[in-house]
Amino acid sequence: MKKLLPLLSFALLLSATVSAQGIRYGITGGMNVGNYAIESESSSFTSDSRIGFRAGFRMEIGAPFIYDGFYFLGEVLLSSKGSKLTTSIEDTRVSMTSRPYYLEIPLHIGYHYAFKNSSFGIFGSFGPYFGVGLFGTDKVTAGEVSSKPDTFSSDNLKRFDFGLGLRAGVSMFEHYRIYVGYDWGLVNIAQDSEDKVNNRNFYVGAAYMF
């Protein structure tokens, strides 16, 4: 959490420098299609997508001092990610469904273009995201034996995640946003130093701005 404090302080300072008329709040939610990018020296994994969700609050801060249409975006989300993994260990097929839940904070800079004489617009944004693992339970099956280990145990995944995100969408009637996006995890979240695991996540979402 200490790594997040400077960024949160910067966001608060930034919001204090703009007028209240330039700040809008909203709620957002959508579907995650999570997966892992895996490099392992000890095992060969097959990784498939897992469907999850994202939900939380968002804030948009107008940034006309850059150029008309620019804005800063911040969100606080509960985000369910993960993947479905399969491998073989000594001729035994092992399958695992990883189900981590993160407190996630994307911080983007974006541009919004409103069509003249219309209630519609288009937008795109880019920036980092920061995630802290809250909880999660995996489902592991090895042959006929099943178990449910903690996702963030000492021999599984690290709690901290960081990456870059890209988003694009459509705005409608001032209040509504529909968007798609993709996040590239840059931090190796595997506890085992021999393995490299990075989050990958495609998502579709909607938001209502007050």
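This is a predicted model: local features need pLDDT of at least 70, side-chain atom pairs count only at pLDDT 80 or more; totals for chains, interfaces and linings use all residues.
Residues are numbered from 1 along each chain as its sequence is written, and side-chain values use heavy atoms, with hydrogens and water left out. The chain holds one helix and 13 strands, where helices (H or I, at least four residues) and strands (E, at least two) are DSSP runs numbered from the N terminus.

**Overall layout**

- Reading from the N terminus, the order of elements is α-β-β-β-β-β-β-β-β-β-β-β-β-β.
- The C-alpha trace spans about 65 × 35 × 25 Å along its principal axes.
- Out of 210 residues, 39% count as buried; buried means under 20% relative accessible area, exposed means over 50%, and partly exposed is in between (1.4 Å probe, protein chains only).

**Salt bridges**

- The count comes to five salt bridges, each being a side-chain nitrogen of Lys or Arg within 4 Å of a carboxyl oxygen of Asp or Glu.
- Glu60 pairs with Arg58, with the closest N and O atoms 2.5 Å apart, and both Glu60 and Arg58 are buried.
- Glu60 also has a salt bridge with Arg177, at 3.3 Å from N to O.
- Arg177 is buried, with a relative accessible area of 8%, and Glu60 comes in at 9%.
- Glu104 bridges to Lys81, and here the closest N and O atoms are 2.7 Å apart.
- Glu104 belongs to strand S7 and Lys81 to the loop between strand S4 (70-80) and S5, so this pair ties together parts that are 23 residues apart in sequence.
- Glu104 counts as buried because its relative accessibility is 0%, and Lys81 is buried at 0% too.
- Shared partners join Arg58, Glu60, Glu75, Arg167 and Arg177 into one network of salt bridges.

**Nonpolar surface patch**

- A nonpolar patch on the surface is formed by Phe65, Ile66, Tyr67, Ile109, Tyr111, Tyr113, Phe115, Phe120, Ile122, Val170, Phe173 and Tyr176, and together they have about 1100 Å² of accessible area.
- Patches take residues with over 30% relative accessible area and no salt bridge, joining like charges within 9 Å and nonpolar side chains (Val, Leu, Ile, Met, Phe, Trp, Tyr) within 5 Å.
- The areas come from the Shrake-Rupley method with a 1.4 Å probe, and for residues only the protein chains shown count as cover.
- Strand S7 (100-114) and strand S8 (120-136) each supply at least two of the patch residues, and S7 has the largest share with three.
- Tyr111 is in strand S7 and is partly exposed, with a relative accessible area of 32%.

**Largest pocket**

- The largest pocket has about 540 Å³ of space, and 25 residues line it, with Phe45, Met96, Asp155, Asn156 and Asp195 the closest to its centre.
- Two or more lining residues come from each of strand S1 (23-40), strand S5 (83-89), strand S6 (92-98) and strand S13 (195-209).
- S5 gives the largest share of the lining, four residues.
- By type, the lining divides into twelve nonpolar, nine polar and four charged residues; Ala, Val, Leu, Ile, Met, Phe, Trp, Tyr, Cys and Pro count as nonpolar, Asp, Glu, Lys and Arg as charged, and the others, Gly among them, as polar.
- On a 1 Å grid over the protein atoms alone, a pocket is an open set of points with protein on both sides within 12 Å along at least five of seven lines, and lining residues have an atom within 4 Å of a point.
- Grid points are joined across faces, edges and corners, and the volume is the space filled by probe spheres set on the points.

**Contacts across the sequence**

- Ala168 lies in strand S11 (residues 160-172) and is partly exposed at 37% relative accessible area.
- Arg93, in strand S6, is exposed, with a relative accessible area of 55%.
- Arg93 and Thr141 are 48 residues apart along the chain, and their C-alpha atoms are separated by 8.2 Å.

How values were computed. On a 1 Å grid over the protein atoms alone, a cavity is a set of points where a 1.4 Å probe fits but cannot get out, and a pocket is an open set with protein on both sides within 12 Å along at least five of seven lines; lining residues have an atom within 4 Å of a point.
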